[in-house]
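Thanks for coming. I have one structure to go through today, and I will keep to what can be computed from it. Please have a look at the sequence and the model first.

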Amino acid sequence: MAHHPHSGTGPQADTEPEGEPVHEHVPRHGLDPPGPVAMEPGEVAVHDCHAGEPSAEAPDVEAPTPARPSAAELEGRLRRALADLDNMRKRYERQLAAEREAERARTAAVFLPVIDNLDLALAHADSDPAAVVDGVRAVRDQAVNTLSTLGFPRREDTGVPFDPVWHEAVSVVPNTGEPDGTVLQVIRPGYGQVDRQLRPATVVVAGNTQG
């Protein structure tokens, strides 16, 4: 390929091929950008941003301080809270009363068979008077078992030391030969346990005369 002489000087004038355009390279801001001159629009926008300039997407704006509630608003909140508390108290009182009534009904229901057996014993009293005693004894045993099921067992032990938790002494018998405070006789049985007791047993205890 033939070369034509150029009037310009420098190595570019001697090496450019004939027929191809000559691209002039003009530096921006006095410095060449890194990479090719032709760049995508998005990349140009990024490179055009100068360091130290604030970003338009995150403005430094201080959030407004929320206004404090007024005295009237605070008083209204307090009144509503007190009203809710009072309604809750009344609701719990109604529930407690309903639970008590239900427990009374359940306790009374377990004694219905005892009453039924008493009615049967009385119905046969005229035909067989001797059977009445056996019938009453059977009903008594059934009632004792019912109380024990409810958590109140029968207590009628003799020969044990007197205990004010379980016993109530109504009489003291001297010179029995038994140690002082020994339960000699149970006049009325007691029912219950340590944590819950219907009544203590009424007893007679020994109390030897000191001489």
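First, the ground rules. This is a predicted model, in which local features need pLDDT of at least 70 and side-chain atom pairs count only at pLDDT 80 or more, while totals for chains, interfaces and linings use all residues. Residues are numbered from 1 along each chain as its sequence is written, and side-chain values use heavy atoms, with hydrogens and water left out.

The protein has five helices and six strands. Helices here are DSSP runs of H or I with at least four residues, strands are runs of E with at least two, and both are numbered from the N terminus. Along the sequence the pattern reads α-α-α-α-α-β-β-β-β-β-β. Of the 211 residues, 14% count as buried. Buried means under 20% relative accessible area, exposed means over 50%, and partly exposed is in between, with a 1.4 Å probe and protein chains only. As for contacts, meaning heavy atoms within 4.5 Å, residues 24 or more positions apart account for 58% of those with a separation of 6 or more.

Now the sheets. Which strands make up the sheet with mixed pairing, and in what order? There are three, in the order S2-S6-S3, and the sheet is open. Its edge strands are S2, residues 167-173, and S3, residues 183-188, each of which pairs on one side only. The twist averages 30 degrees from one strand to the next. Pairing, for the record, requires that DSSP finds at least two bridges between two strands.

S2 and S6 pair in the parallel sense over six bridges. On that side, Ala-169 has Val-203 of S6 as its bridge partner. S3 and S6 run antiparallel and are joined by four bridges, with S6 covering residues 201-206. There, Val-186 stands opposite Val-203, and Gln-185 has Val-204 as its bridge partner.

The other open sheet also has three strands, in the order S1-S4-S5, and its pairing is antiparallel. S1, at 154-155, and S5, at 197-199, are the edge strands, each pairing on one side only. S1 is joined by two bridges to S4, residues 190-192.

The contacts of Val-203 include Phe-162, His-167, Val-170, Val-183 and Ile-187. Thr-202 lies in S6 and counts as buried because its relative accessibility is 8%. Thr-202 is in contact with Glu-168, Val-170, Gln-185, Val-186, Ile-187 and Arg-188. Thr-182 is placed in the loop between S2 and S3. At 9% relative accessibility, Thr-182 counts as buried too. Its contacts are Gly-159, Val-160, Val-204, Val-205 and Ala-206.

Last, the helix pair. Two packed helices are described by the angle between their axes and the distance between the axes. H4, residues 112-123, and H5, residues 130-149, pack at about 175 degrees with their axes 9 Å apart. The axes are lines fitted to C-alpha atoms, for helices over the stretch in contact, and angles run from 0 to 180 degrees between N-to-C directions. That angle makes H4 roughly antiparallel to H5; the label applies over 145 degrees, with under 35 roughly parallel, 65 to 115 roughly perpendicular and the rest oblique.

The contact is made by residues including Pro-113, Val-114 and Leu-118 of H4 and Val-132, Gly-135 and Val-139 of H5. The contact residues divide into seven nonpolar, four polar and no charged. Here Ala, Val, Leu, Ile, Met, Phe, Trp, Tyr, Cys and Pro count as nonpolar, Asp, Glu, Lys and Arg as charged, and the others, Gly among them, as polar.

Note on methods:
Lists of a residue's contacts leave out its neighbours within four places in sequence.
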